[in-house]
Amino acid sequence: QVQLVESGGGLVQAGGSLRLSCAASGSIFSIDAMGWYRQAPGKRRELVAHITSGGSPNYADSVKGRFTISRDNAKNTVDLQMNSLKPEDTAVYYCNADYRPVAIPRRSFEVWGQGTMVTVSS
């Protein structure tokens with residue numbers, strides 16, 4: 001079964017940096033878009049950033065200029081470099097991917113990671 005595993009979350013002081021990583025595994029033919037979402041306490045899950053298979057990124061206005069998303073198609077990984085972190089960045093961060101399985105490469109499926117906690121202290 002195709003799975004996503006996130007890593008890199010933790011506690012960091014405001015103004016600091018953190019790098020999140022996500023690795024996809026399983027019988028994958030290819031991966032289209034990959035992205036990072038987050039859900040803060042009492043709020044709905046929101047898109048943080050996503051990146052196409054060709055490497056074109058998009059960011060939420062709240063993180064633009066501070067976060068950088070990147071991917072390695074050969075390794076099926078996507079990273080999120082987070083700089084100048086703010087307390088409002090505190091949330092569970094989830095990795096997301098649209099992939100095409102080896103068995104049915106013409107169809108696209110969505111998969112989510114279990115999430116990694118990011119806490120930014122004042």
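**Strand pairing, disulfide and aromatic contacts**

In the predicted model, strand S4 (residues 28-39) pairs with S9 in the antiparallel sense, over nine bridges. Within this pairing, Ile-31 stands opposite Tyr-99 of S9. S4 also pairs with strand S5 (residues 46-51), again in the antiparallel sense, through five bridges. Here Trp-36 has Ala-49 in S5 as its bridge partner. The hairpin formed by S4 and S5 has six residues between the strands, and Gly-42 in this hairpin takes a positive phi near 75 degrees.

A further set of strands forms an open sheet of four, in the order S1-S3-S8-S7, with antiparallel pairing. Strand S1 (3-7) and strand S7 (67-72) are at the edges of this sheet; each has a single partner strand, so one side of each is left without a neighbour in the sheet. Neighbouring strands are turned against each other by 15 degrees on average, direction ignored. The pairing of S7 with strand S8 (residues 77-82) is antiparallel and covers six bridges, with Ile-69 opposite Leu-80 in S8.

Phe-67 belongs to strand S7. With a relative accessibility of 3%, Phe-67 counts as buried, because the cut-off for burial is under 20%. Leaving aside residues up to four places away in sequence, Phe-67 touches Arg-38, Val-48, Tyr-59, Leu-80, Gln-81, Met-82, Asn-83, Leu-85, Asp-89 and Tyr-93. The C-alpha atom of Phe-67 is separated by 13 Å from that of Ser-21, a residue 46 positions apart from Phe-67 along the chain.

A search of the whole structure finds one disulfide. The bond joins Cys-22 to Cys-95, with an S to S distance of 2.1 Å. Cys-22 lies in strand S3 (residues 18-25) and Cys-95 in strand S9, so the pair ties together parts of the chain that are 73 residues apart in sequence. The angle about the S-S bond is -85 degrees, and the link between Cys-22 and Cys-95 is left-handed. Both Cys-22 and Cys-95 are buried.

Two aromatic pairs are present in the structure. In one of them, the ring centres of Tyr-99 and Phe-109 are 6.0 Å apart and the ring planes stand at 35 degrees, so the pair is tilted. Tyr-99 is in strand S9 (residues 91-101) and Phe-109 in strand S10 (residues 109-112), ten residues apart, and the pair links distant parts of the chain. Tyr-99 is buried, with a relative accessible area of 12%, whereas Phe-109 is partly exposed at 27%.

Arg-45 is placed over two aromatic rings. The charged end of Arg-45 sits over the ring of Tyr-94, 3.7 Å from its centre. Arg-45 also lies over the face of Trp-112, at 4.9 Å from the ring centre.

Key. Residues are numbered from 1 along each chain as its sequence is written. This is a predicted model: local features need pLDDT of at least 70, side-chain atom pairs count only at pLDDT 80 or more; totals for chains, interfaces and linings use all residues. Side-chain values use heavy atoms; hydrogens and water are left out. Two strands pair if DSSP finds at least two bridges between them. Helices (H or I, at least four residues) and strands (E, at least two) are DSSP runs, numbered from the N terminus. Axes are lines fitted to C-alpha atoms, for helices over the stretch in contact, and angles run from 0 to 180 degrees between N-to-C directions. Rings of Phe, Tyr and Trp (its six-membered ring) pair if their centres lie within 6.5 Å; planes under 30 degrees apart count as stacked, over 60 as edge-to-face and the rest as tilted. Buried means under 20% relative accessible area, exposed over 50%, partly exposed in between (1.4 Å probe, protein chains only). A charge sits over a ring if NZ of Lys or CZ of Arg is within 6 Å of the ring centre and within 35 degrees of the ring normal. Contact means heavy atoms within 4.5 Å. A disulfide is a pair of cysteine sulfur atoms within 2.5 Å.
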